[in-house]
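Please keep the sequence and the coordinates at hand while going through them.

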Amino acid sequence: FTALTSNVTIALQNLPTTEGVEYNFEFIVEQGTTAYLITALTIEGTPVTLLKSSASGGNPAGTPSTTESFSLRVIRANSAWTSLIRKTTYFANYTGA
């Protein structure tokens, strides 16, 4: 995604509902001077809670003027969907180890 103007809802359609299967998605966001997040998920129009990693701080803020990767894992179990999301921030001109 580039040039976002608001937070994003991911809407997934036509996912097979096979029990015990997981799907992995990676969304790359080129953040502008205002950063936005993936804040919601729907599957077949039904809201699914996004469980965030502790590495993301529970309710992570976006980082302006960076590239951010949102890793989304969607799992089908017990006739329900579970979703896990993790955000990683990448900085230009990084000189660390």
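Which residue in β7 does Ser71 stand opposite? Ser71 stands opposite Arg86; the points below describe the predicted model around this position.

1. Basis of the note. This is a predicted model, in which local features need pLDDT of at least 70 and side-chain atom pairs count only at pLDDT 80 or more, while totals for chains, interfaces and linings use all residues. Residues are numbered from 1 along each chain as its sequence is written, and side-chain values use heavy atoms, with hydrogens and water left out.

2. Confidence. The mean pLDDT of the chain is 89, and 89% of its residues reach 70 or more; pLDDT is the predictor's confidence in each residue, from 0 to 100. Among the elements, β4 has the highest mean value (97) and β5 the lowest (92). Where pLDDT is low, the predicted coordinates should not be read in detail.

3. Overall content. The chain has zero helices and seven strands, and its pattern along the sequence is β-β-β-β-β-β-β. Helices (H or I, at least four residues) and strands (E, at least two) are DSSP runs, numbered from the N terminus. Of the 97 residues, 33% count as buried; buried means under 20% relative accessible area, exposed over 50%, and partly exposed in between (1.4 Å probe, protein chains only). The accessible surface comes to about 6000 Å², of which 52% belongs to carbon and sulfur atoms; the areas come from the Shrake-Rupley method with a 1.4 Å probe, and for residues only the protein chains shown count as cover. Among contacts between residues at least 6 apart in sequence, 72% join residues at least 24 apart, where contact means heavy atoms within 4.5 Å.

4. The four-stranded sheet. An open sheet has the strand order β2-β6-β7-β5, with mixed pairing; two strands pair if DSSP finds at least two bridges between them. The strands β2 and β5 (50–52) stand at the edges with a single partner strand each, so one side of each is left without a neighbour in the sheet. Neighbouring strands are turned by 25° against each other on average, direction ignored. For this value, axes are lines fitted to C-alpha atoms, for helices over the stretch in contact, and angles run from 0 to 180 degrees between N-to-C directions.

5. Pairing of β6. Strand β6 (residues 67–77) runs antiparallel to β7 and is joined to that strand by eleven bridges. Ile75, for instance, stands opposite Thr82 in β7. The two strands form a hairpin with two residues between them, and Asn78 in the turn has a positive phi of about 55°. Pairing of β6 with β2 is also antiparallel, over nine bridges, and here Phe25 stands opposite Leu72 in β6.

6. Ser69 in β6. Ser69 lies in strand β6 and is buried, at 5% relative accessibility. Residues up to four places away in sequence aside, Ser69 touches Glu26, Phe27, Ile28, Arg86, Lys87, Thr88 and Tyr90.

7. Aromatic pairs. The structure holds three aromatic pairs. Rings of Phe, Tyr and Trp (its six-membered ring) pair if their centres lie within 6.5 Å; planes under 30 degrees apart count as stacked, over 60 as edge-to-face and the rest as tilted. The ring centres of Tyr23 and Trp81 are 6.3 Å apart with the planes at 50°, so this pair is tilted. Tyr23 lies in strand β2 (residues 22–30) and Trp81 in strand β7 (residues 80–90), so the pair ties together parts that are 58 residues apart in sequence. Tyr23 is buried at 17% relative accessibility, and Trp81 is buried at 18%.

8. Phe25 and Phe27 form a stacked pair, with 6.4 Å between the centres and 20° between the planes. Phe25 is partly exposed at 24% relative accessibility, whereas Phe27 is buried at 16%. Ring pairs link Phe1, Phe25 and Phe27 into a cluster.

9. Thr2 is placed in the segment before β1 (8–12) and is exposed at 57% relative accessibility. Thr2 and Gly32 are 30 residues apart in sequence and 8.0 Å apart in space, C-alpha to C-alpha. Thr46 lies in strand β4 (residues 46–48) and is partly exposed, with a relative accessible area of 46%. Thr46 and Ala11 are 35 residues apart in sequence, with 9.0 Å between their C-alpha atoms.
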